[in-house]
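Trainee: Please take me through the helices of this model, along with the loops and the pocket beside them. I would like one connected account, with the cut-offs spelled out.

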Amino acid sequence: MRVGCGFDVHRLVPGRRLVLGGVEIPYHLGLAGHSDADVLLHALADALLGAAALGDIGRHFPPGDPRYKDADSLVLLQEVYGMVREQGYRLANADAIIIAQAPRLAPYIEQMRERIALALAVGRERISVKATTTEGLGFTGRGEGMAAQATILLLDRSEGSGL
């Protein structure tokens, strides 16, 4: 078994789409970043890379590289999972949380789970996504940005656990 954790933060700004878990959320602000700035998928990618000891997302997809300008983070997540599988691991489960004061994310959670599961070619029951606020405290509470945290459990593909 290999465990990885990931964390990501992006600033909220006008003039950008808000994309979380591969789902576009209607909101008057979006997340600033070189790619689509999907904090949830970036945290998941870092957790996958960490569990396999493959570095971090910035190492594989440098923010200054024009190839990743406005990149779809679902595609990047699939690429990361391909790297992990090449190392001989498979996903047992993923647990992630989005930290944001607004907008209300509960109506979009199941769609995020579905998109992530599809991108990773696993059943939705292996993907957990939650959302929380910080009760008005800190940069997320003031609506200046969003954060996400993820934990991943990988198993060696050669182990016959039925996963």
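Mentor: Ala-53 is placed in the loop between α1 and α2; helices (H or I, at least four residues) and strands (E, at least two) are DSSP runs, numbered from the N terminus. The model is predicted, so local features need pLDDT of at least 70 and side-chain atom pairs count only at pLDDT 80 or more, while totals for chains, interfaces and linings use all residues. Residues are numbered from 1 along each chain as its sequence is written, and side-chain values use heavy atoms, leaving out hydrogens and water.

Ala-53 has a positive phi, near 55°, and is a residue other than glycine. Its relative accessible area is 58%, which makes Ala-53 exposed; buried means under 20%, exposed over 50%, and partly exposed in between, with a 1.4 Å probe and protein chains only. Ala-37, in the loop between β4 (30-31) and α1, also is not a glycine and has a positive phi of about 65°. Ala-37, however, is buried, with a relative accessible area of 0%.

Now to helix α3. This helix runs over residues 73-86, and its 14 residues should span 20 Å at 1.5 Å a residue, in agreement with end C-alpha atoms that are 20 Å apart. The expected span is 1.5 Å times one less than the number of residues. Ser-73, Leu-74, Leu-76, Leu-77, Val-80, Tyr-81 and Val-84 are the buried residues of α3. They take up an arc of only 155° around the axis, which puts them on the same side of α3; the arc is taken from the directions from the helix axis to the C-beta atoms. An α-helix has 3.6 residues a turn, so residues three or four places apart point the same way. The partners of the buried residues of α3 are α1 (39-51), β5 (89-99), α4 (109-120) and β7 (145-156), where contact means heavy atoms within 4.5 Å.

Helix α4 can be read in the same manner. Its 12 residues should span 16 Å, and the end C-alpha atoms are 17 Å apart, which agrees. Buried in α4 are Ile-109, Met-112, Arg-113, Ile-116, Ala-117, Ala-119 and Leu-120. These fall within an arc of 160° seen down the axis, so they line one face of the helix. The buried residues of α4 pack against β2 (18-20), β3 (23-25), α1, α3, β5 and β6 (127-132). Just after α4, Ala-121 has a positive phi of about 55°. In the loop between β5 and α4 lies Pro-103, joined to Ala-102 by a cis peptide bond with omega about 0°.

Leu-155 belongs to strand β7 and is buried, at 12% relative accessible area. Its C-alpha atom is separated by 6.4 Å from that of Arg-2, 153 residues apart along the chain.

Last, the pocket. Its lining includes Leu-76, along with Asp-8, His-10 and Tyr-68 among others. Elements that give two or more residues to this lining are β1 (2-13) and α2 (57-60). The lining has 5 nonpolar, 6 polar and 1 charged residues; Ala, Val, Leu, Ile, Met, Phe, Trp, Tyr, Cys and Pro count as nonpolar, Asp, Glu, Lys and Arg as charged, and the others, Gly among them, as polar. A pocket is an open set of points on a 1 Å grid over the protein atoms alone, where a 1.4 Å probe fits, with protein on both sides within 12 Å along at least five of seven lines; lining residues have an atom within 4 Å of a point.
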